[in-house]
Amino acid sequence: MTAVRITGLAGAPRDVAAETLDAFARDLDGEVIHPDDDGYADAISLWNGMIKKRPAVVIRPAGTPDVVRTVDFVREHELELSIKGAGHNIAGLALTDGGITLDMSGLKGVVVDAERQMARVGPGCTLGDVDRATQEHGLATTLGFVSATGVAGLTLGGGFGYLTRRFGWTVDDLEEVEIVTADGAVRRASRTENEDLFWALRGGGGNFGVATEFVFRLHEVGPQVTSGVIAWPASEADGVLDLYRTVVESAPRELTAVVVRRNAPPAPWLPEAAHGTPIIMLVVCHSGTLEQAQADLAPIKSHGEPLADMLLVRDYVAQQSLLDATQPKGMHFYWKSEFLPGLSDELFETYNAQFADLKAPANQIVLFHVAGALNEHPEDDGAMGNREAAFACVIQSMWPGDSPAGDANRDWVRSAWQALKAYSTGGNYVNFQTADEADERTVESYRGNYSRLEAVKAKYDPSNLFRGNRNIRP
Ligand SMILES: Cc1cc2nc3c(=O)[nH]c(=O)nc-3n(C[C@H](O)[C@H](O)[C@H](O)COP(=O)(O)OP(=O)(O)OC[C@H]3O[C@@H](n4cnc5c(N)ncnc54)[C@H](O)[C@@H]3O)c2cc1C
């Protein structure tokens with residue numbers, strides 16, 4: 001009898017009889033992809049090209065019953081499982097090396113109830129899928145800045161975007177989740193059903209099961225917003241950062257502004273002479289009335305002599321994919337993040353100092369303004385916490401896989417992070433953690449909410465079946 005080697009729950013390989021695996025595969029309505037199959041390379045491709053993992057088998061479920069069959073199978077045979085949404089997680093958590101990957105990306109589908117302002121969202125949807133469907137009704141929920149990102153991973157880790165100042169973390173608009181837990185049960189979790197599980201799902205990651213449906217509350221947004229990018233030479237950084245602080249101090253919640261300092265990409269909207277030179281940009285989204293936006297953005301548009309001003313009236317859906325090209329799939333990426341409580345002169349000085357030796361042209365440090373609605377909830381309203389965050393600071397590096405610059409880039413990110421960590425709330429975003437970050441970083445993400453997460457984990461996944469994530473141990 002032949003056997004297939006599959007990585008077990010404890011990390012060591014286990015032999016599963018080929019007949020057993022075949023019988024499991026025959027039971028599924030969906031697709032089973034083996035390493036020799038044509039679709040395998042596509043099924044294991046991730047946004048971060050740095051991650052190389054080869055699952056023994058990839059399952060593409062046709063629906064929730066296949067998810068239950070897969071969870072039952074890996075539990076009974078004590079096999080390592082990973083769950084793939086859109087494969088955007090920087091640490092490559094979507095894949096397992098040698099285990100079984102449940103690829104949920106085919107389970108798309110968005111049903112919008114415009115009257116009740118709610119959307120039911122399949123676990124394979126990208127942010128773009130949801131934004132396009134909800135915007136047909138002039139509605140939106142808070143999703144992130146790059147449209148190819150998966151809704152499932154983003155939501156389970158907390159989620160933020162241009163609408164966070166108005167409506168809070170993505171999980172503040174999460175109403176319900178359907179989930180297959182480690183015992184193979186299909187449960188619904190909401191504020192009135194399996195409340196403890198729902199609390200944990202609002203930021204606690206993929207630790208509690210396989211989410212098979214999300215229900216979000218929607219708000220009237222757009223469909224047109226005033227938004228885009230405005231850039232100045234980095235020699236103007238002090239003035240632009242002062243302007244930024246002044247603007248965000250009095251900005252209505254409809255206005256979200258993001259600072260990015262880096263070298264200019266060879267983008268057509270920037271003058272050719274500026275390509276490759278140091279710049280500082282504001283990425284802006286104003287989702288209030290067009291008149292209000294004009295007034296609120298006037299100080300930004302009249303500041304100094306911008307290299308380019310692309311702050312325009314555009315569709316919200318277009319704004320939600322404006323940054324897509326800056327994050328091309330397959331490059332090597334390395335990030336660090338911290339939440340910040342505010343902006344100070346010392347922080348700006350430290351921020352600017354990191355650009356003395358940038359190492360790679362696409363390296364950048366981003367400050368996202370998130371203060372507003374999220375701060376009005378108590379710290380323990382959902383596992384995400386981090387309710388004192390006013391800014392998310394992300395230090396990002398990107399390089400082609402064949403470049404020898406990887407180590408230098410990682411060192412640059414780590415060194416900038418060490419310097420900027422001094423201004424942190426003490427919290428960081430679990431969804432931005434890289435593969436080499438220690439467990440303490442996960443504890444730091446949740447801080448006061450961590451022990452409650454451990455208790456929910458012990459109740460719903462005592463054998464830690466769902467460990468292919470920033471793992472909360474039971
Ligand atoms: C370019 C880029 C931009 C980003 N911008 C933002 C942003 O603006 N705001 C923001 O909040 N985040 C942002 N992120 C971070 C993003 O939220 C995380 O990378 C998230 O993990 C991506 O989700 P995914 O489904 O694509 O990931 P995957 O890599 O597929 O999965 C990520 C994790 O979620 C788990 N998971 C996925 N689907 C399920 C499921 N159905 N059930 C249970 N667990 C599941 C996986 O097991 C894994 O642990 C960005 C990431 C990238 C790469």
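User: Looking at strand S8 and S12, in which sense do they pair, and over how many bridges?
Analyst: Strand S8, which covers residues 118–121, pairs with S12 in the antiparallel sense, and four bridges connect the two. Strands here are DSSP runs (E) of at least two residues, helices are runs (H or I) of at least four, and both are numbered from the N terminus. Two strands count as paired if DSSP finds at least two bridges between them.

User: Before we go on, what kind of model is this?
Analyst: This is a predicted model, in which local features need pLDDT of at least 70 and side-chain atom pairs count only at pLDDT 80 or more, while totals for chains, interfaces and linings use all residues. Residues are numbered from 1 along each chain as its sequence is written, and side-chain values use heavy atoms, with hydrogens and water left out.

User: OK, back to S12: which residue stands opposite Val-215?
Analyst: Opposite Val-215 in S12 you will find Arg-120. Arg-120, in S8, is also the bridge partner of Val-111, and S7 and S8 are themselves joined by four bridges and run antiparallel.

User: What's between S7 and S8 in that hairpin?
Analyst: Four residues separate the strands of the hairpin, and in this hairpin Gln-117 takes a positive phi near 55 degrees.

User: And what is the strand order of the sheet with S7 in it?
Analyst: The order is S7-S8-S12-S10-S11, five strands that form an open sheet with antiparallel pairing. At its edges are strand S7 (110–113) and strand S11 (186–190), each of which pairs on one side only.

User: Which strands make up the four-strand sheet?
Analyst: That open sheet has the order S3-S4-S6-S5, and its pairing is mixed. Strand S3 (31–33) and S5 stand at the edges with a single partner strand each, so one side of each has no neighbour in the sheet.

User: Do S5 and S6 run parallel or antiparallel?
Analyst: They run parallel, with four bridges joining S5 to strand S6, which spans residues 100–103.

User: Switching topic, which residues come nearest to the ligand?
Analyst: Ile-83, Gly-85, Gly-87, Phe-145 and Tyr-429 come nearest, out of 33 residues around the ligand; a residue counts as near if one of its heavy atoms lies within 4 Å.

User: Which backbone atoms sit by the ligand's oxygens?
Analyst: A polar backbone atom of Asn-89 is 2.9 Å from an oxygen atom of the ligand, and one of Gly-153 is 3.1 Å from a ligand oxygen atom. For Gly-468, a backbone N or O atom lies 3.3 Å from an oxygen atom of the ligand.

User: Which elements give two or more residues to the shell around the ligand?
Analyst: They are strand S5 (81–84), helix H5 (151–156) and strand S12 (210–217). The largest share, four residues, comes from H5.

Methods:
A polar contact is a pair of N or O atoms within 3.5 Å; within protein, one must be able to donate a hydrogen and the other to accept it, and residues adjacent in sequence count only if both atoms are side-chain atoms.
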